[in-house]
Amino acid sequence: MKTSRIALTLVLLAASVAVAQSDAKKSFDQLRALQGTWTGKNAAGNVLTVDFRDTAGGSALLNEIHGQGPENMVTMFNLDNDRLLMTHYCSAGNQPRMVASVSPDGKTFTFNFLDATNITPSQPGHMVKAVFTVVDANHHTEDWTFKAGDKEMHEHFDLQRSAGNS
């Protein structure tokens, strides 16, 4: 009897891990639907372009922001077992990693700070949150939060899929 309880517990544990992994994979696949070129404006009204594309044999999704400040920024999305992660290669010179939570409808991906490389006393500011909201197949928004000390700066991108990329 004790052996069957242990076996049942192990089966239930394995099933819960499989469900979590499939949820992360499902979320990653939903985010991959953003592949293509997007154009829009930031909060200040400046024009920018954002590209999404698969890379590394489909194990990562690359996001590149063009026209936001003096340099382009790159963000990589990938699965880490049962988590959807992003690493943001910031013009501040650091690389914050964030872990996703996804809204029940699968349209909003909220990434919160996990850890980072290259955060130094001379450059402590870094991204702490990014929210990607899929409005429809041709419209999404991105909300980025950068924190330096006690000060938070927010940036909002309103983006439309470029013609020929649907």
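The side chains of histidine 88 and threonine 75 are joined by a polar contact of 2.7 Å, a term that here means a pair of N or O atoms within 3.5 Å, where within protein one must be able to donate a hydrogen and the other to accept it, and where residues adjacent in sequence count only if both atoms are side-chain atoms. The model is predicted, and local features need pLDDT of at least 70, side-chain atom pairs count only at pLDDT 80 or more, and totals for chains, interfaces and linings use all residues. Residues are numbered from 1 along each chain as its sequence is written, and side-chain values use heavy atoms, with hydrogens and water left out.

Histidine 88 sits in strand S5 (residues 83-89); strands (E, at least two residues) and helices (H or I, at least four) are DSSP runs numbered from the N terminus. Histidine 88 counts as buried because its relative accessibility is 0%, given that buried means under 20% relative accessible area, exposed over 50%, and partly exposed in between (1.4 Å probe, protein chains only). Leaving aside residues up to four places away in sequence, histidine 88 touches Met73, Val74, Thr75, Asn94, Gln95, Pro96, Met127 and Trp144, contact being heavy atoms within 4.5 Å.

The whole structure holds five of them, each defined as a side-chain nitrogen of Lys or Arg within 4 Å of a carboxyl oxygen of Asp or Glu.

| Salt bridge | Closest N to O distance |
|---|---|
| Aspartate 29 – arginine 32 | 3.3 Å |
| Arginine 97 – aspartate 115 | 2.8 Å |

Aspartate 29 and arginine 32 both belong to helix H1 and are three residues apart, about one turn of the helix. Aspartate 29 counts as partly exposed because its relative accessibility is 33%. Aspartate 54 is partly exposed, with a relative accessible area of 25%.

The salt bridge between arginine 97 and aspartate 115 also links distant parts of the chain, with arginine 97 in strand S6 and aspartate 115 in strand S7 (residues 108-117), 18 residues apart. Arginine 97 is partly exposed at 27% relative accessibility, and aspartate 115 is partly exposed with a relative accessible area of 31%. Through salt bridges that share partners, Lys25, Asp29, Arg32 and Asp54 are joined into one network.
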